[in-house]
Amino acid sequence: MKFFIDTANIEQIQEVNDLGLLDGVTTNPSLIAKEKKGFRELIEEICGIVDGPVSAEVIAQDCDGMLKEARHVAGWADNIVIKIPMCPEGMKAVKTLTAEGIRTNVTLIFSLPQALIACKAGASFISPFIGRIDDIGYDGMELVGDCVDMINEFCFDSEVISASVRHVQHVVQAIQLGSHIATVPYAPLLKLFKHPLTDIGNSNFLKDWENAGLGDIL
Ligand code: G3P
């Protein structure tokens, strides 16, 4: 499973990229708005850091407007993926962009029929929003599993991005369900390295070494 980071923050992206962990980045208008920088400046900077797909979302709500924005933004860097919201106009745009060789990520997917429509339109990526489904009392991970099964059953080329990830357990389940990608915010992403038994084990190893008077290795 690939790891994307779900942020537009340059420092966070740089830090996680330096760990050698980063396969891509997803942004959305809310994440861009937090950074107080121009859209193009930010996206170009992110694309320069990360060797992998960087999702940038359109704002237009009609197909023609989406296509204009998408073609413009796709010209900023080779690794840009155009994020398009799930809606009829959006799926028309995805079909055209796919034919033009521009990769797309269909966002705001909350049901299996929406996922099927996005795959049929030719989306490179589909993004079921796990956390927001959990928020209203349903099981977001169930949708991820259904999307993976559907893609395998019908041999679509689309990849599932488990999105709206809130905690480590979402990542565990994404791995178990065969999600192609999980896009994870900075804080839970760093928590993936941690386990209390790892910390205890490491500290005990060092204590035993010290108590035996073994000294430095070098
Ligand atoms: O990738 C989608 C993500 O940005 C939405 O996350 O936490 O706002 O539901 P959240």
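Helices and strands are DSSP runs, numbered from the N terminus; helices have at least four residues and strands at least two. Under this numbering, Trp 76 lies in the loop between helix 4 and strand 4 (80–85). The model is predicted.

The relative accessibility of Trp 76 is 12%. Buried means under 20%, so Trp 76 counts as buried. Its contacts beyond four places in sequence are Phe 39, Arg 40, Ile 43 and Glu 44. Gly 48 is 28 residues from Trp 76 in sequence. In space, the C-alpha atoms of Trp 76 and Gly 48 are 11 Å apart.

Strand 8 (residues 181–184) pairs with strand 1 and with strand 7. Strand 1 spans residues 2–6 and pairs with strand 8 over four bridges, in the parallel sense. Here Phe 3 has Ala 182 as its bridge partner. Strand 7 spans residues 159–162 and is joined to strand 8 by two bridges, again parallel. Ala 182 is also the bridge partner of Ser 162. Both faces of strand 8 are covered. Ile 181 and Thr 183 are buried on one side. Ala 182 and Val 184 are buried on the other.

Val 106 stands opposite Ile 126 of strand 6.

Two packed helices are described by the angle between their axes and the distance between the axes. For helix 4 (residues 63–74) and helix 5 (residues 88–99), the angle is about 45° and the axes are 8 Å apart. The two helices are therefore oblique to each other. The crossing of helix 4 and helix 5 is right-handed. Helix 4 contributes Cys 63, Met 66, Leu 67, Ala 70 and Arg 71 to the contact. Helix 5 contributes Glu 89, Gly 90, Lys 92, Ala 93, Thr 96 and Leu 97. By class, this contact of helix 4 with helix 5 has six nonpolar, two polar and three charged residues.

How values were computed
Residues numbered from 1 in each chain as written. Predicted model: local features only at pLDDT ≥ 70, side-chain atom pairs only at ≥ 80, totals over all residues. Heavy atoms only, no water. Pairing = 2+ DSSP bridges. Axes fitted to C-alpha atoms, helices over the stretch in contact; angles between N-to-C directions. Parallel < 35°, antiparallel > 145°, perpendicular 65-115°, else oblique. Left-handed = near helix turned anticlockwise from the far one by under 90°. Contact = heavy atoms within 4.5 Å. Nonpolar A, V, L, I, M, F, W, Y, C, P; charged D, E, K, R; others polar. Buried < 20%, exposed > 50% of the residue type's maximum accessible area, 1.4 Å probe, protein only.
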